[in-house]
Protein chains: 2
Amino acid sequence: MKITVLAGGVGGAKFLLGVKRQLGWDPFGPAPAARQAAADAVTAIVNTGDDIRLHGLQVCPDLDSCLYTLSGEADTERGWGRRDETWTVQSELRGYGAEAPWFSLGDKDIATHLMRTRMLDAGYRLSDVTAALSDRWGPGVKLLPMTDDRVETHVVVDNPAANTSADDTPAGTEPTAGEADFSEPVAAGSTPAAAQPEQVALHFQEWWVRYRAELPPHAITPIGADAATPAPGVLEAIADADLILIAPSNPVVSVGIVLAVPGIADAIRVAAAPVVAVSPLIGGAPVRGYADKCLQAIGVPATAEGVGRHYGSRSGAGGTGLLDGYLIAEGDSADVPGVRVGTAPLLMSDPDATAEMVAACRKLVGV
Amino acid sequence: MKITVLAGGVGGAKFLLGVKRQLGWDPFGPAPAARQAAADAVTAIVNTGDDIRLHGLQVCPDLDSCLYTLSGEADTERGWGRRDETWTVQSELRGYGAEAPWFSLGDKDIATHLMRTRMLDAGYRLSDVTAALSDRWGPGVKLLPMTDDRVETHVVVDNPAANTSADDTPAGTEPTAGEADFSEPVAAGSTPAAAQPEQVALHFQEWWVRYRAELPPHAITPIGADAATPAPGVLEAIADADLILIAPSNPVVSVGIVLAVPGIADAIRVAAAPVVAVSPLIGGAPVRGYADKCLQAIGVPATAEGVGRHYGSRSGAGGTGLLDGYLIAEGDSADVPGVRVGTAPLLMSDPDATAEMVAACRKLVGV
């Protein structure tokens, strides 16, 4: 069974734990050799629009969430980053008044970014780097960045500096004051409001982490996506799959960005394998994150049905969508023309529970 | 009193503590404002030939030793690096099989290198970066890199891979074995001896730290020095000084590299201020480091007299040297034609003891 999954970060990684478990693998370890011989394989096509260059380091939050989670190295209590992490470098960087103090980087994590940045600077592709990092960690799943090209999701918002005083930014997120100021200009600087544009485009991470998605988005744009090409292996993983799953990741800023890379959505539409998405909403709310706010930004109702219709049917009326099946939470309802809708408990509380979701997806399309 | 000091790393930093103390300053803090008003100033011209790019980070060991020591942030027991340091990033990098596992980088230290590398990549000069880092730490001494140009000291040795098995390299310095190998080729690789050149040029740090200077050097060469120019402020600090001191740093790989930058030695020869060097040898041996081995490499006797004659007199017979005065350890003797030689206890056991050395230097030349 070859399963290919479109995934974001934390939610995508949790879902992949369940995919591994459903195949009978250790969710937190490498794929068993015997299973590989039996041609079981899981490939994840991972969002890289969240990637950000900080302190000269190329940070890939979604790829790393998958890498750490699937190899048992993630901090499951905190919900992101490495377990047994330390924070010395970050504390020092803040002492220097370095850029983006609102973005947390652990020391173990920084080592990953140092290795990645070094390899990228040496000319390796992000997919090469991801394979090399996977060699160490053994996530079991073949992790593919959606593209090796630079794509960065930006969010257009009313300029927070034009409408509020700097004191209105979340507490504890401002650079430490100091004699030396190494920080880059940010949108919410100290320039008088009169000199500020009405709207600004923030890097996704600034909008998400610094402003906690509290600034209503006018547009969410994956800059660079129109010129990007799928990373090596992405289209093959879609074409060769026995089952294609869309993880319950954010449909706009995770799955939506993967689908914005030209060629990926088209490949899914013509794939031989059935395609099943899992709803990211339970009772109209995301379990984690701000999917509801992102859906509002693109005019999609923040309901299971809204997301299902947004993905659409690839075989039913219209035929321009992606799905054959759609799994929603027990208690929710969704009418998505041309798509078989199933229900199951959707809380990914542990790999066993998530494996049941994967089993329900398989049952829904009979593979 | 304006004092300009030629300095290397740890020894140079310790000497500068004594210079500050001798002026009545807090050795571990910034210069007092009142003293600055009185035109007391200390400038250090620091060796950058030890600098090395590791993991994509520009590491400046001598500048950082001065920065950390003079601002009270150094680990005085270990003798280098930051106090209360942690080592998470390094442990992770070794887990990846990253390059140069023999070179220790603490987490706090890495933050410094991240800030520096970011600024250099943005186009700032090393002297700008050093000033910015000093703004945070307040070393009291104006720290100037000898040059903003890239100079890297290399040491020509018999190829260790051609003459010994890999097992002869010092214990604990080999890369951690792992599936992923990110390490760069190094001289002492696993290539068969027959394919290896007879001699190789190692970066100074590899020779010093990895091989502990145990490979006899055929030549010690500051690559890039012939095309380098003194950093902004260096020649002015020499011309405007009331006293020029050469710290008891390594005469070959620290002071010798500073003097290899065209223009610096000439400026010292014509400076208005008297020039006094402090012997780095006590009883023919360095207190710390491998000055004796370095001196042998350039054919200079590893004695106080040998070093004194190597620096030479700028006013006496010949007149091609640098010194007016030379301070050697009690119990040593040195006949250096044209140079006033004084004796004093030379163990820099604390800033008070070192201040006595500085006082002896001043007395020797009457400033």
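A polar contact is here a pair of N or O atoms within 3.5 Å, where within protein one must be able to donate a hydrogen and the other to accept it, and where residues adjacent in sequence count only if both atoms are side-chain atoms. By that rule, 3 residue pairs, both at pLDDT 80 or more, are in polar contact between domain 1 of chain A and domain 2 of chain A.

This is a predicted model, in which local features need pLDDT of at least 70 and side-chain atom pairs count only at pLDDT 80 or more, whereas totals for chains, interfaces and linings use all residues. Residues are numbered from 1 along each chain as its sequence is written, chains are lettered from A and ligands numbered from 1 in the order in which they are written, and side-chain values use heavy atoms, with hydrogens and water left out.

**Domains of chain A**

Domain 1 of chain A comprises 3-147 + 229-365 and domain 2 comprises 152-223, bounds that come from an automatic or database domain assignment. Contact (heavy atoms within 4.5 Å) joins 23 residues of domain 1 of chain A to 26 residues of domain 2 of chain A.

**The two chains**

A rotation of 180° with 0.0 Å of shift along its axis superposes chain A on chain B with an RMSD of 0.0 Å, by least squares on the C-alpha atoms of residues with pLDDT of at least 70 in both. The two copies are thus related as by a two-fold rotation axis, and of the residues of chain A, Asp107(A) comes closest to that axis, its C-alpha lying at 3.7 Å.

The table sets out the two interfaces by buried area, which is the accessible area (1.4 Å probe) that two parts lose on being put together, summed over both.

| Interface | Buried area | From carbon and sulfur atoms |
|---|---|---|
| Domain 1 of chain A and domain 2 of chain A | about 2100 Å² | 67% |
| Chain A and chain B | about 2900 Å² | 65% |

In chain A, Tyr96(A), Arg118(A) and Arg136(A) lose the most area to chain B, together 24% of what that side buries. A salt bridge requires a side-chain nitrogen of Lys or Arg within 4 Å of a carboxyl oxygen of Asp or Glu; the rule finds 6 across the interface of chain A and chain B, but 0 across that of domain 1 of chain A and domain 2 of chain A. Arg136(A) forms a salt bridge with Glu92(B), the closest N and O atoms being 3.3 Å apart. Between chain A and chain B, 14 residue pairs (both at pLDDT 80 or more) are in polar contact.
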